[in-house]
Amino acid sequence: MTESAVPDSLAVRSRGAGLKLGRFRDLTLVPVIVLLLIVGAFADPVFMTTGNLMNVLQQQSALALVVLAEALILIAGKFDLSLESTVGLAPALAVMLVIPTSAGGFGLDLPVALAIPLCLLIGAAVGAFNGFLILRFQLSAFIVTLAMLIVVRGLQTGITGGKSLFALPPSFLYLGSATWLGIPAAIWITGVLFAAGIVVLRFFRVGRALYAIGGNTDAARAAGIRVERVLWVVFIIAGALGAVAGMLETGRLGGISANQGDGWIFMVFAAAVIGGVSMDGGKGTILGALTGVLVIGLVENILTLKGVPGEWKNLVYGAIILVALMISRLAGGKAQD
Amino acid sequence: MRHFVTAVGAAALALALAACGSTSETPASGGGSTAAAGGKVGIDFPRADSDFWNSYNKYVPEMGKELGVDLMPPTNSQNDIAKLVANTQALVSQGAKAIVMAPQDTGAIASTLQSLDQKKIPVVSVDTRPDTGKVYMVVRADNRAYGQKACEFLGEKLGGKGKVVELMGALSSVNGRDRAEAFRECMKTKFPGITVFEEPTEWDGTKAASMLQTRLEQNPDIKGIYMHAGGVHLAPTLQVLKAKNLLVPPTDPKHIFVVSNDGIPQEFAAIRDGQIDATVSQPADLYAKYALFYAKAAVEGKTFQPGPTDHDSNIIQLPNGLEDQLPAPLVTKDNVDDPSLWGNQVK
């Protein structure tokens with residue numbers, strides 16, 4: 001800890017902003033969130049109730065984990081579009097290995113207790129394969145993961161035959177639907193993982209290494225960081241986080257449809273970028289990404305409560321994200337990148 | 001990009017036209033009623049990622065055998081109009097004498113229909129009604145009737161008052177629109193005392209779950225739910241209700257009445273368990289059967305007139321062809337075990 005304190009402040013200063021502004025950057029969305037809370041409270045009396053706000057957090061928990069995964073990769077200067085497909089494939093494949101043929105499984109009938117570890121393993125495997133292609137094969141991360149987005153989704157449609165999986169083991173649904181101490185388990189899990197992400201990226205050497213790699217790969221390598229190994233681990237962790245997101249979503253919905261996670265990646269990027277994570281790598285924080293998720297969740301919730309007609313909803317939604325971007329730009333005072 | 005696609009499409013079309021220009025006369029002149037065995041039928045499936053369409057895709061070869069249709073290997077356009085156009089051209093160049101398709105974009109298919117018409121290749125459109133362009137027959141359940149039936153069922157159960165959530169499909173699809181409009185109209189005229197919350201879920205389970213959860217938080221006194229598609233809305237709805245301890249039998253005053261559309265086996269199971277109350281069975285088997293029936297008839301050169309048919313349906317006249325409106329029965333606890341429902345025949 002004491003060791004890493006020095007490179008910590010150095011890294012922030014080398015971003016050219018100084019420590020204070022660097023911290024402030026995390027919180028540029030706070031005024032937007034406050035504004036949304038005020039608007040929401042006026043829009044509907046139910047909005048400010050604990051029940052409703054808890055629902056918002058629960059509804060966003062799976063998306064938030066994908067944002068966490070994407071933020072890690074973006075900060076390290078890479079890209080992963082395939083995460084949204086992992087959200088569907090990991091739980092679907094894991095469940096199909098344990099459920100009987102009559103329920104749509106492969107008929108392998110592996111022990112049900114293996115479903116969750118398998119799910120994580122499949123997500124990690126997808127991440128590892130991405131890492132292999134990008135780091136060992138030296139392909140562009142954008143194109144590789146774009147192709148993997150299609151491949152992974154295609155694999156899911158192929159093995160399930162496009163059908164939804166309904167008959168799932170209750171233990172697999174548990175984490176996504178249970179409540180611990182009055183708060184949905186999904187919120188606990190997401191909260192803990194985010195806290196871990198914030199702490200590691202802020203105070204640990206390996207976390208700081210992500211910023212170094214994303215900021216300047218050659219310099220990071222010269223400084224003795226094992227760039228390939230760190231990046232590979234990041235891809236694997238991101239894949240596993242995508243799998244956890246898929247599992248929570250499955251528990252919330254009670255089934256796995258062939259298009260689970262489809263189209264999420266746009267929201268994921270929107271949340272990460274309005275939360276201050278740079279698409280060019282090396283900048284942004286996990287806390288910032290979290291505020292981005294909250295903004296998206298609150299907007300969604302207010303639009304639903306107000307009953308905005310379906311034909312107009314996407315327009316209003318997109319416009320609000322643009323406004324959030326502008327406010328965070330003004331509050332942050334720095335050019336967006 | 002768009003221009004590029006259009007240009008490629010146009011070029012491919014021109015090629016296909018040129019290639020088939022000489023052969024297109026043969027079926028028209030020689031296509032008497034004796035040509036039954038000679039006419040190959042090409043079929044394109046619209047997608048492979050929804051429960052309803054998977055059932056349809058499975059029924060097609062079975063029904064083809066039953067009706068003695070010379071079916072070509074099916075193509076799949078994955079819900080993409082550009083792929084559908086390309087597949088149609090491939091089928092034609094492989095010698096299809098009639099085409100069965102289910103264009104999910106009812107506007108953009110027009111020029112393809114036109115060029116098929118010029119080649120005298122009849123088209124049967126399943127599930128959707130193309131806006132323009134000639135079709136031999138549209139085979140489709142009356143989607144307005146779905147909305148109507150759901151409205152009447154809910155209205156009656158709720159005694160004409162209370163609050164209802166409608167989980168809508170995508171408004172860009174004619175079927176989603178038809179269901180929504182009919183439901184809205186019927187509620188307004190027959191049950192003005194019922195408040196309807198329309199939720200634009202775009203056939204997406206994730207959105208449906210969030211919207212329903214939020215709406216129930218806002219209005220705990222909601223008494224009815226209308227789901228446009230059981231395939232996507234059923235599992236999320238049941239999960240949300242379960243989390244709120246609202247999954248109780250119809251005899252309990254806390255029970256929320258749920259009506260669905262589709263008629264997949266999981267909905268029937270939920271009806272038997274008393275978790276939901278009714279569904280409108282969209283006839284996947286009849287879609288497959290009559291699509292091929294009319295395709296075969298078209299190859300044989302038969303024609304049809306508007307009016308009632310021998311299979312409980314009605315043929316109506318469209319500006320660009322005919323439409324056979326197949327019956328879609330309302331399934332409740334009373335008739336859920338009827339073996340003739342397609343949802344009871346799968347597996």
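## Helix α5 of chain B

In helix α5 of chain B, residues 110-118, the buried residues are Thr112(B), Leu113(B), Ser115(B) and Leu116(B). They line one face of the helix, because their directions fall within an arc of 165 degrees when α5(B) is seen down its axis. An α-helix has 3.6 residues a turn, so residues three or four places apart point the same way. After α5(B) comes Lys120(B), which has a positive phi, near 60 degrees.

This is a predicted model. Every value in this report is to be read with that in mind.

## Confidence in chain A

The mean pLDDT of chain A is 86, and 91% of the residues score at least 70.

Residues 1-19 of chain A have a pLDDT below 50. In the model this stretch makes 18 contacts beyond near neighbours in sequence. Where pLDDT is low, the predicted coordinates should not be read in detail.

## Chain B as a whole

Chain B contains eleven helices and 15 strands. Of its 347 residues, 51% count as buried. Among contacts in chain B between residues at least 6 apart in sequence, 73% join residues that are at least 24 apart.

UniProt, in an unreviewed entry, lists residues 42-302 of chain B as "domain: Periplasmic binding protein". Over residues 42-302 of chain B, 47% of the chain is helix and 20% is strand.

## Two domains in chain B

The domain assignment divides chain B into domain 1, made of 36-135 + 284-327, and domain 2, made of 143-281. Between the C-alpha centres of domain 1 of chain B and domain 2 of chain B there are 31 Å. How many residues does each domain of chain B put into the contact? Domain 1 of chain B gives seven residues and domain 2 of chain B gives six residues. On the side of domain 1 of chain B that touches domain 2 of chain B, one residue is nonpolar, four are polar and two are charged.

## Where the chains meet

Chain B puts 28 residues into its contact with chain A, and chain A puts in 29 residues. On the side of chain B that touches chain A, at least two residues come from each of α3 (51-67), β8 (194-200), α8 (205-218) and α9 (230-243) of chain B. The largest share of that side, ten residues, is supplied by α8(B). Sorted by class, the side of chain B that touches chain A holds twelve nonpolar, eleven polar and five charged residues.

## Two loop residues in chain A

Gln138(A) is not a glycine, yet its phi is positive, about 60 degrees. Gln138(A) sits in the loop between α6 (115-136) and α7 (141-160) of chain A. Is Gln138(A) buried or exposed? Gln138(A) is exposed, because it has 7 other C-beta atoms within 10 Å, and a residue with 12 or fewer counts as exposed.

Leu181(A), a residue other than glycine, also has a positive phi, near 50 degrees. The loop that holds Leu181(A) lies between β1 (179-180) and β2 (183-184) of chain A. Leu181(A) has 6 other C-beta atoms within 10 Å and is therefore exposed.

## A buried and a partly exposed residue

Thr291(A) belongs to helix α14 of chain A, residues 286-306. Thr291(A) has 23 other C-beta atoms within 10 Å, so Thr291(A) is buried, the cut-off being 20 or more. Not counting residues up to four places away in sequence, Thr291(A) touches Leu29(A), Val30(A), Ile33(A) and Gly275(A). Met148(A) is 143 residues from Thr291(A) along the chain, and the C-alpha atoms of the two are separated by 28 Å.

Asn76(B) is part of strand β3 of chain B, residues 75-76. With 18 other C-beta atoms within 10 Å, Asn76(B) is partly exposed. Asn76(B) is in contact with Asp44(B), Phe45(B) and Ala48(B), leaving aside neighbours within four places in sequence. Asn76(B) and Ser340(B) are 264 residues apart along the chain, with 28 Å between their C-alpha atoms.

Definitions and conventions. Residues numbered from 1 in each chain as written. Chains lettered and ligands numbered in written order. Predicted model: local features only at pLDDT ≥ 70, side-chain atom pairs only at ≥ 80, totals over all residues. Domains from an automatic or database assignment. Contact = placed C-beta atoms within 7 Å. Nonpolar A, V, L, I, M, F, W, Y, C, P; charged D, E, K, R; others polar. Helix = DSSP H or I, 4+ residues; strand = E, 2+ residues; numbered from the N terminus. UniProt positions renumbered as here; feature names shortened; annotations may be inferred. Arc of directions from axis to C-beta. pLDDT = per-residue confidence, 0-100.
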